[in-house]
Amino acid sequence: WAPGPGVFVLVPLLRMAEWVVKYVGHKVSKVRWRPQLAGSIDPSNIFASGSWDDVVNRVCIWRFPATAKAADEEGLNEPELVCAQTGPADIMDLVFLNRDHLACALSDGSVAVFSYKEAVGTLSHVRDWKKVHGQKDLPSPCTSLGVLAGSANVVSGGEDGRLNILRLDDQRPYATIATADSSTITGLDCSIPSEVLASSSNGMLKVWDLRKPPSKPARILAIESGDYTSINGVSRHPNQPNLVVLGCCDGSLCFWDLRQEKMPASLCHAHTLDVWEAKFHRSYPDQLFTCCQDGSLWHWDASSVEGSGQRSSWLSGAIACGKVDIVNHLPHNTLSVNSCDIESRHLVCGTDGEAIFVIMDLNLN
């Protein structure tokens, strides 16, 4: 049977990846791997998680062996809780500023920074910016965070459409774009110095050049599909900074060449519900990972798709036609997979089923 255009076929794993599950007793909103030690060939074995929709929510640090062999040697077959901090607000986003500092976006409009000390296994509060989103008496959730490339400065986006630049040595926002958007800012990418990509719930992606006055964005890209399409997040290709992928509320993925502002290069109708996150692998950029409200965790492999010249395979029309291998690593899960992150050959995700899954030794080309 040959699939028609736009039909995606899930393929079986050539080599079954190992996975473990940890039931944590709360819905998991975000998961993030701690950055790898500079100059080391060993992948990180520490990740952070945040919870939501509970009376008391948690930011947790977990340890997991970097390899399956190490797991066998340590007798550890699931993530081990190292330390945690609690609070009443939902954790909306997490980002490591460096190996020692973790920033959290909170539903009360605040941003908090914690210091993780690996030697003693503690997570301590070092800085917060109270209610930097919303009005004085009516806070709005802080919905997304980014770290400006080449610095430890935090960029925050909120439900109020505001962007803040926050510095660890300053109690107040260093800079603010109060009217960055008329709707919720849903995702940020700050991987290019002095440039911020901000996706929003009204289907727009705005490019902000921080070297220029913040009166208007440098560029505005909009998905015009005929129907209302909210963008849930943005991720930039690690080797081709002009290429970004957007996860949308209708289950589609939008691949956009930022040099072409009028329309996306490729629009794939893949998942059935909201795509919460889409992430390229930093070392294997032909590999993409998406997590969805329908409970799926997809691994996209475009290594067999040929690009043209300097054009990425992700910008090829073959992607939109379904000519890409896809594996669902959680085929029996039905509750929302809210977040995922990839480090080396290990994939971690958090779900509304109060579980954290770690998929080990992925088959990467």
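**Strand pairing, cores and selected residues**

Strand E16, spanning residues 204-209, is joined to E17 by four bridges, and the two strands run antiparallel. Within this pair, leucine 205 lies opposite leucine 221 of E17. The model described here is predicted. E16 and E17 belong to an open sheet of four strands, ordered E14-E15-E16-E17, in which the pairing is antiparallel. Strand E14 (185-192) and strand E17 (219-222) each have a single partner strand and stand at the edges, so one side of each lacks a neighbour in the sheet. From one strand to the next, the twist averages 20 degrees.

The loop between E14 and strand E15 (195-200) contains serine 194. Its phi is near 65 degrees, a positive value in a residue other than glycine. Serine 194 has a relative accessible area of 29% and is therefore partly exposed. A positive phi, near 60 degrees, is also found at aspartate 53, likewise a residue other than glycine. Aspartate 53 is placed in the loop between strand E3 (46-52) and strand E4 (57-63). Its relative accessibility is 43%, so aspartate 53 counts as partly exposed.

A further antiparallel pair is made by strand E8 (residues 111-117) and strand E9 (residues 122-129), which are linked over seven bridges. Valine 111 faces tryptophan 129 of E9 across this pair, standing opposite it. The two strands form a hairpin with four residues between them, and glycine 121 in the turn has a positive phi of about 70 degrees.

The largest nonpolar core consists of 20 residues, of which Leu253, Phe255, Leu288, Trp300, Trp314 and Ile319 touch the most other members. At least two residues of this core are supplied by each of strand E19 (243-248), strand E20 (252-257), strand E22 (275-280), strand E24 (297-301) and helix H2 (317-320). E22 provides the largest share, three residues. Another core, of 16 residues, lies apart from it and includes Leu102, Cys104, Ala112 and Leu123. In soluble globular proteins, nonpolar side chains tend to be buried together.

The contacts of tryptophan 314, leaving aside residues up to four places away in sequence, include Phe255, Leu288, Trp300 and Ile319. Also among them are His237, Ser266, Asp286 and Gln287.

No disulfides were found in a search of the whole structure: the count is zero. Cysteine 83 is in no disulfide, and the nearest cysteine sulfur, belonging to cysteine 60, is 8.5 Å away. With a relative accessibility of 10%, cysteine 83 counts as buried. Cysteine 248 is likewise in no disulfide; the nearest cysteine sulfur is that of cysteine 254, at 5.7 Å. Cysteine 248 counts as buried, at 0% relative accessibility.

Serine 336 is located in the loop between strand E25 (325-328) and strand E26 (337-343). Its relative accessible area is 7%, and serine 336 is therefore buried. The side chains of serine 336 and asparagine 338 are joined by a polar contact of 2.7 Å. When residues up to four places away in sequence are not counted, serine 336 touches Trp276, Cys292, Gln293, Gly295, Gly350, Thr351 and Asp352.

Definitions and conventions:
Residues are numbered from 1 along each chain as its sequence is written. This is a predicted model: local features need pLDDT of at least 70, side-chain atom pairs count only at pLDDT 80 or more; totals for chains, interfaces and linings use all residues. Side-chain values use heavy atoms; hydrogens and water are left out. Two strands pair if DSSP finds at least two bridges between them. Axes are lines fitted to C-alpha atoms, for helices over the stretch in contact, and angles run from 0 to 180 degrees between N-to-C directions. Buried means under 20% relative accessible area, exposed over 50%, partly exposed in between (1.4 Å probe, protein chains only). A polar contact is a pair of N or O atoms within 3.5 Å; within protein, one must be able to donate a hydrogen and the other to accept it, and residues adjacent in sequence count only if both atoms are side-chain atoms. Contact means heavy atoms within 4.5 Å. A disulfide is a pair of cysteine sulfur atoms within 2.5 Å. A nonpolar core is a set of buried Ala, Val, Leu, Ile, Met, Phe, Trp, Tyr and Cys residues joined through side-chain atoms within 4.5 Å.
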